Amino acid sequence: MDFSDSPAEAEFRARLRGWLADNNPGLPASSTSDEYWAGQAAWHQALYDAGFFGMSWPVEIGGHGLPSVYEAIVDDELATAGAPPRPSLGYLVQGILHHGSEGIRRRLLPGIVNGRDRWCQGFSEPEAGSDLASLRTTAVRDGEDYVITGHKVWTSYSDAADWCLVLARTDPGVPPHKGISAFRVSMRQPGVQQQPLRMINGITREFGEVLFDGARAPAADMIGEPGEGWRLAMTVVSHEREPGELGYVARYRKAVKELAALVAGSPDDYGPEQRRELAWAMVESEMLRQHVCRRLSDRLDGSSGGPEGSVDKLLMTQVEQCVGHAALSVGGAAADDDTWLKLYLYSRAQSVMGGTSQIQRNLVATRILGLPAS
Amino acid sequence: MDVRLSAEQRALRDTAVDLVDSLRPRSVADLGDSQRTAKLDAAVAATGWRSLREAGADGGPYASAVEAAIVAEELGRGLADTAFVGPTLAAELRRLAGAATADGAETVATKSDFSAVALAGQPATAIDGAGAAAALLLAGGELVQVSLNAPAEPLDLTRPHVPIPRDAAATPVGRTLTTDALTKWTALGLALTCADLVGVMRGAIALATDYAKVRRQYGAHIGSFQAVQHLLADAVVAMEGSRSTALHAAWAVDALPADDALATAAGAKAYCARAGRTVCETAIQVHGGIGNTWECLAHVYLRRALLSIDLLGGVGPSLERVLAGAGHGLQ
């Protein structure tokens with residue numbers, strides 16, 4: 001049991017630290033500014049080109065084939081340098097890795113990993129949120145294509161995306177979760193319209209909604225078998241719950257560091273309540289860092305994707321919202337700068353996105369504690 | 001970085017699980033069964049666990065704080081009513097003070113609010129005093145020993161503490177402890193109380209979950225109601241977060257410089273202390289009226305948690321240590 005770096009890990013850490021000293025783009029936090037979203041693609045490509053992205057993914061798709069703990073080192077160093085977090089694509093990659101054919105994996109994944117192909121995820125719909133299996137978007141076979149019709153919402157990065165991973169109903173005659181298939185659909189075609197959603201903190205570049213009206217996807221771009229869409233979605237959302245996959249630790253630690261610097265810069269301006277909120281944000285973000293180390297180490301045995309993901313999602317949410325409260329308390333009152341207010345407001349979404357906290361608690365109770373389903 | 005337990009550490013944990021499960025109290029009435037308590041005490045003595053932090057040939061401890069934490073967690077889970085944290089901290093004090101190994105059963109004394117090691121001449125309490133004839137404290141920085149005579153007081157029904165009079169006669173046993181040594185010792189104490197709290201949380205969750213699976217109301221098991229499920233799910237989440245901090249704190253005791261080890265342990269303690277109390281309160285709530293009776297083990301978990309929370313600093317003092325550890329004038 002050892003939290004310290006092996007010689008190879010230490011060498012990697014030093015190399016990354018050196019690179020970051022010269023290559024930190026200094027973007028604002030993703031949660032507070034559209035400027036981050038405008039610069040995200042370039043940051044992704046720079047990280048990839050320098051050899052610091054997709055550390056634990058297979059070499060064939062552009063990853064480095066290293067143990068998952070290297071992802072924790074990347075997050076550590078990004079936070080220490082005050083650099084933007086790594087783009088959160090792991091769940092998409094895992095979904096295609098687990099369910100795509102060999103051909104699909106080789107054709108689609110390298111472009112996702114190297115940041116040249118931008119993807120968004122078309123899962124949720126206005127009438128299908130937590131109850132995802134009730135989705136209404138349809139895909140109907142027409143020659144060599146499928147024709148897609150429906151309305152997707154909470155589609156992250158839809159404005160910048162070249163492609164969308166769409167869940168659509170291909171068989172209305174079977175139980176809801178058995179008739180769903182997954183497709184790669186081009187966002188650059190006449191049958192696709194997307195519009196940004198303005199979130200409670202004012203940002204417009206992260207989330208959008210997408211209307212598919214007769215959009216076409218080649219049948220060869222179905223990911224997995226017909227009817228495998230639900231299982232693919234479950235793989236994606238289980239990884240979407242893992243802080244190790246998302247790299248959010250770096251985002252939280254960066255914010256805490258900046259808040260600590262504010263208080264340290266003029267200690268007399270901050271009272272006991274603000275110092276207490278800051279201290280809790282330090283404790284919580286450090287907890288998540290160690291928790292990710294624990295989970296990533298467990299993966300050395302080959303385990304991942306179980307119901308523990310729901311525990312991790314709830315822990316991650318608690319951390320994000322604790323950091324949000326510290327941001328509100330320490331930085332939120334500044335009349336001339338609403339950055340911290342925005343960060344706080346953004347934190348409220350964490351208990352909803354990727355499966356609400358209520359749903360996660362149901363999963364922990366039934367699948368970990370073995371309590372009977374209600 | 002690989003924070004999985006080693007094969008030896010897993011074997012130690014398995015041994016601790018077996019020993020605790022064969023001799024732990026399974027009801028409040030069991031706490032008064034002196035034959036069982038004597039067997040448990042003898043079994044723990046035979047393992048040598050209380051000597052893990054005694055000096056080996058090189059002056060360092062026989063085992064790292066991680067091994068001690070593995071034992072502490074399982075003893076907490078099983079409400080083991082035998083001494084461990086006290087004697088382990090006493091052995092650590094003797095090692096750090098260059099003193100010989102204790103002759104008889106010995107523990108440590110803290111200030112009477114449990115917040116720090118006791119100083120001679122001030123109100124003090126020997127913690128984890130089951131079977132102990134003497135306790136260690138500091139007199140002008142020097143390590144001294146006092147005999148224990150007063151009757152034990154049970155806040156924690158599994159680990160009685162014993163008041164020490166201000167004028168208790170003290171015998172010198174070791175040289176003056178350095179600031180660094182005391183910092184390390186405090187980090188070890190915090191890490192072990194975190195491990196105990198994680199174990200207590202696991203035990204309390206198991207107790208409440210088992211009850212929710214058998215208790216019926218409105219014609220259904222109460223564990224099928226979302227309101228009850230969400231209470232227990234939150235308890236699991238709090239325990240898992242605590243476990244990650246406690247593991248890291250135990251590793252840090254021997255792997256990091258003293259100040260960093262203390263800041264790490266303090267962060268873990270703040271987290272585990274808050275979680276520990278809430279989780280034990282949840283266990284009482286899930287039991288309903290029964291949970292508020294003396295006969296339900298839920299309050300035994302809560303009482304044990306309360307002592308571990310206070311020991312060497314609970315939430316408030318730990319958060320202050322976190323701020324101090326971050327430097328930059330935050331203290």
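A salt bridge is a side-chain nitrogen of Lys or Arg within 4 Å of a carboxyl oxygen of Asp or Glu. Between chain A and chain B of this predicted model, the count is five salt bridges. In one of them, A:R361 pairs with B:D234, the closest N and O atoms being 2.6 Å apart.

The model is predicted, with local features needing pLDDT of at least 70 and side-chain atom pairs counting only at pLDDT 80 or more, while totals for chains, interfaces and linings use all residues. Residues are numbered from 1 along each chain as its sequence is written, chains are lettered from A in the order in which they are written, and side-chain values use heavy atoms, with hydrogens and water left out.

The table gives the extent of the interface, where contact means heavy atoms within 4.5 Å and buried area is the accessible area (1.4 Å probe) that two parts lose on being put together, summed over both.

| Item | Value |
|---|---|
| Residues of chain A in contact with chain B | 47 residues |
| Residues of chain B in contact with chain A | 46 residues |
| Area buried between chain A and chain B | about 4200 Å² |

Carbon and sulfur atoms give 67% of that buried area. In chain A, the residues that lose the most area to chain B are A:M1, A:F3 and A:R294, together 19% of what that side buries.

Just after α7(B), B:G288 takes a positive phi of about 65°.

Technical notes. Helix = DSSP H or I, 4+ residues; strand = E, 2+ residues; numbered from the N terminus.
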